[in-house]
Amino acid sequence: MKNYVQEGRTITVAAPANVTSGQLVVVGSIVGVAAFDAESGADVEIVTQGVFDLPKVTTDVIAQGDKLYWDSAQAKLTKSPGTGSKPLTGVAVIAAGNGATTVQCSLLPTMQTGPA
């Protein structure tokens, strides 16, 4: 195949802000986890598939299988799409109750993360 570019599990994007390794990065509808630290505007590789421990809204009670959305204002995952720009990011692999600060999130493939 002459038109094949890459597998797509890791892609390079311009960091939308300063990012640290393991941080969720959202660029438009592209969602992934930073593979290394990068300054705003620099190229950073993000992993777009897999299960990651990511920050969640502490008061959310998340059940296994709940859809998770990125709340950029809080820089945390939430189960409520609410209003504004909250891209669908993934699904909860295990439950995470009130008071939990992280949730195991299985990232959705990039082409599925558009508006909910």
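Which pattern does the chain follow when read along the sequence? The chain runs β-β-β-β-β-β-β-β-β. This is a predicted model, in which local features need pLDDT of at least 70, side-chain atom pairs count only at pLDDT 80 or more, and totals for chains, interfaces and linings use all residues. Residues are numbered from 1 along each chain as its sequence is written, and side-chain values use heavy atoms, leaving out hydrogens and water.

**View 1. Strands of the chain.** Here you will find nine strands and zero helices. Both are DSSP runs numbered from the N terminus: helices are H or I with at least four residues, strands E with at least two.

**View 2. Dimensions of the fold.** Along the principal axes, the C-alpha atoms fill a box of roughly 50 × 30 × 25 Å. Among contacts (heavy atoms within 4.5 Å) between residues at least 6 apart in sequence, 47% join residues at least 24 apart.

**View 3. Inside the chain.** Of the 116 residues, 32% are buried. Buried means under 20% relative accessible area, exposed over 50%, and partly exposed in between, with a 1.4 Å probe and protein chains only.

**View 4. Charged side chains.** Look for 7 positive and 9 negative side chains, with the centres of the two sets 10 Å apart. Lys and Arg count as positive, Asp and Glu as negative, while His and the chain ends are not counted; each charge is placed at NZ of Lys, CZ of Arg, CG of Asp or CD of Glu.

**View 5. Asn3.** Asn3 sits in the segment before β1 (10-14). Asn3 counts as exposed because its relative accessibility is 66%. Its C-alpha atom is separated by 36 Å from that of Asp71, 68 residues apart along the chain.
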